[in-house]
Amino acid sequence: MVTASDERLVTPERPTQMGTGPEREFTVKARTQTQLVLRRFFAHKLAVGSLVVFVVLLVLSLLGQRFWKYKYGVPDTNSLSQPPSGEHPLGTGDLGEDGLAQLLRGAQRSMQISLLVMVMQTATATLVGAVAGYFRGWVDAVLMRLVDLLLTLPGLALLIVLASRIQAGWIGVAFVIAFLGWAPDSRVVRGVFLSLREKEYVEAARALGARDRRIIVRHLLPNSLGVIIVNATLALATAILAEAALSYLGFGVQAPETSLGKLISDAQGAVDTRPWLFYFPGVVIILIALTVNFIGDGLRDAFDPTQTRVRA
Amino acid sequence: MLVFIVRRLLISIPVLIASSVLVFLMVSASGDPLAPLRANPNVSQSAIDARRHSLNLDKPLPQRFAIWGANLVQGDFGDDLNGRDVRQQLFARLGVTVRLVLVSQILALVLAVAAGVLAAVRQYTFSDYVVTFTGFLFISTPLFWFAGVLKEWAAIRLNNGLDSLFHTERRYIYTVGDKTPDFEGSFWGRISDYAGHMVLPTLAIAAVTYAAWSRFQRASMLEVLSSDYMRLARAKGLPWRRVLIRHGLRTALIPLTTVVAINVGLIIGGAVITERVFNWHGLGDLIVTAANNRDVNVMLGWLMLSAVAIIVANLVADILYAYLDPRIRRT
């Protein structure tokens, strides 16, 4: 069986018309760094599968409420405490709240909080890490002592102490989580910057008269992007768990609003009578955190293939 | 080595002072301690003023910090809102939390080392995938939800099953509390009562800790396995098992040692959720109640105790690392 591509190999005339010899022999195609990373990522089945599941969850949680017949906060008083059925796929609560409507609303809040945390935390960590790693000296010393200091404080307890003050709703919750989460990430970024700033291409750029800002933005940042992206995905996974923990303890999202953690917390008292309200939000949290972790793992392998080498 | 320890000890002192400033600032910024009194219409203005005076809130912030710091250095953590000594409460609660944390950490450590080594030695085989997947799964599971599932399946249903099996009417595994109040019975009865209360919370914490550590141990073992001295030991004809344990595992345990040491300091804060789920009255329960009541002295004392625990844990980790890996000491 001869396919179109095989044909090209057996017909000698065509390649000679197409320019130089060696290119034809090896058919090496130039790929950019991004293409390489994407190719490696898409070869990772688990990560790609996770990406698909995560995108579905993301779309459902951000847009799903519009397409579901029951709305959050509008109970169906005809069916109280019903187990899952065709009418209410995830059952109802004791006041007739539709399980799916609650879940969609909770997932929306949790997802919004986590995405906001991811953006704020990654931005702060990158800025601090980049400045400390690039300028070194006293700037580095001051910033890293600050990071050390933040790391000596017990995270969750401080979250509780701070969150009892926050009245700004879900944005406030995101702020508190991000405030306590950026420190370790900034250390990682700093480490990458410290090693990259000694590379020849940075020296070359400086010799050509590039300023600090240009070196950081055009040379160092793109080369540390891998580490930053991987850290951002991990930040998303920890944020969704942190939000759940805070809301469970009663210091996160407050009463008229809901989130995945709050849903579990509310359903905790009635695991025996209404288990469907307890299990589904937990499964959704696990799915989000698990897929994000797998995506992060796949990205790490894609950006840095040296870590996946097989033992000789 | 002694120089190293002394130098490291001296560094911790300014860190401790700085973190006490930070803790004090954050707690003072975290809300008005008089708000619960103000919200209560039955409390007169003079009572509020008296409380404000007793908490030194009528003084400026630096002075308040100085008073609090001076008392703290002398071992006086102040009183809580009900006039009870904070220090006594802290140490009583510490005992409960340590009982919970210690066993779960040991369990997690043993499991994590075994699983991590197994996964590394059998990289990309079925057992590696199982270990890796359970690790990812437990990292991604909210602790309180997992605890709820444990309560339902590992306790209530198991108890019912055991009861119908042995025709008894007792509970083997408890879902609430750290011990049966007013327990009357023999020494062994007491021990089994403690154990029955500890099973579920210990399992819950151990599972989550195991997840992180097994991933860590796998990575560090993989690195050791690909090193030259392992190949040399093998080439010299040592049996594989011996190479693995004497040469490989000993080295691969070094990074984990420091992680474990640091974690023991952190876990006091990490037990908050577990204690809440299982209704244990340990340190975690104390901070949640204090935050709800805006009990400033308890929050301050708690955070300082925890900061000290973390700093000491870091110190121990550094010293252990220097002891186990002589390369660190030279710098």
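Read along its sequence, chain B of this predicted model follows the pattern α-α-α-α-α-α-α-α-α-α-α-α-α. Its secondary structure comes to 13 helices and zero strands. Taken along the principal axes, the C-alpha atoms of chain B fill a box of roughly 85 × 65 × 35 Å. Chain B has 331 residues, of which 34% are buried. When contacts in chain B between residues at least 6 apart in sequence are considered, 71% join residues at least 24 apart.

Within chain B, the loop between α10 (240–278) and α11 (283–293) contains B:Asn279. The phi angle of B:Asn279 is near 60°, a positive value in a residue other than glycine.

A:Arg136 lies in the loop between α6 (99–135) and α7 of chain A. With 14 other C-beta atoms within 10 Å, A:Arg136 is partly exposed.

Helix α5 of chain A, which spans residues 45–63, includes A:Leu58. A:Leu58 is partly exposed, because 15 other C-beta atoms lie within 10 Å. The C-alpha atom of A:Leu58 is separated by 9.7 Å from that of A:Gln112, although the two residues are 54 residues apart along the chain. Helix α8 of chain A, comprising residues 155–163, is mostly covered, with eight of its nine residues buried. These buried residues are A:Leu156, A:Ala157, A:Leu158, A:Leu159, A:Ile160, A:Val161, A:Leu162 and A:Ala163.

The contact between the two chains takes 34 residues from chain A and 40 residues from chain B. On the side of chain A that touches chain B, at least two residues are supplied by each of α7 (137–151), α8, α12 (225–249), α13 (260–267) and α14 (275–303). Helix α14 of chain A gives the most to this side, with eight residues. By class, the side of chain A that touches chain B has 24 nonpolar, seven polar and three charged residues. Helix α8 of chain A, described above as mostly covered, is thus among the helices that supply at least two residues to the side touching chain B.

Notes:
Residues are numbered from 1 along each chain as its sequence is written. Chains are lettered from A and ligands numbered from 1 in the order in which they are written. This is a predicted model: local features need pLDDT of at least 70, side-chain atom pairs count only at pLDDT 80 or more; totals for chains, interfaces and linings use all residues. Helices (H or I, at least four residues) and strands (E, at least two) are DSSP runs, numbered from the N terminus. A residue is buried if 20 or more other C-beta atoms lie within 10 Å of its own, exposed if 12 or fewer, and partly exposed in between; C-beta atoms are placed from the backbone. Two residues are in contact if their C-beta atoms, placed from the backbone, lie within 7 Å. Ala, Val, Leu, Ile, Met, Phe, Trp, Tyr, Cys and Pro count as nonpolar, Asp, Glu, Lys and Arg as charged, and the others, Gly among them, as polar.
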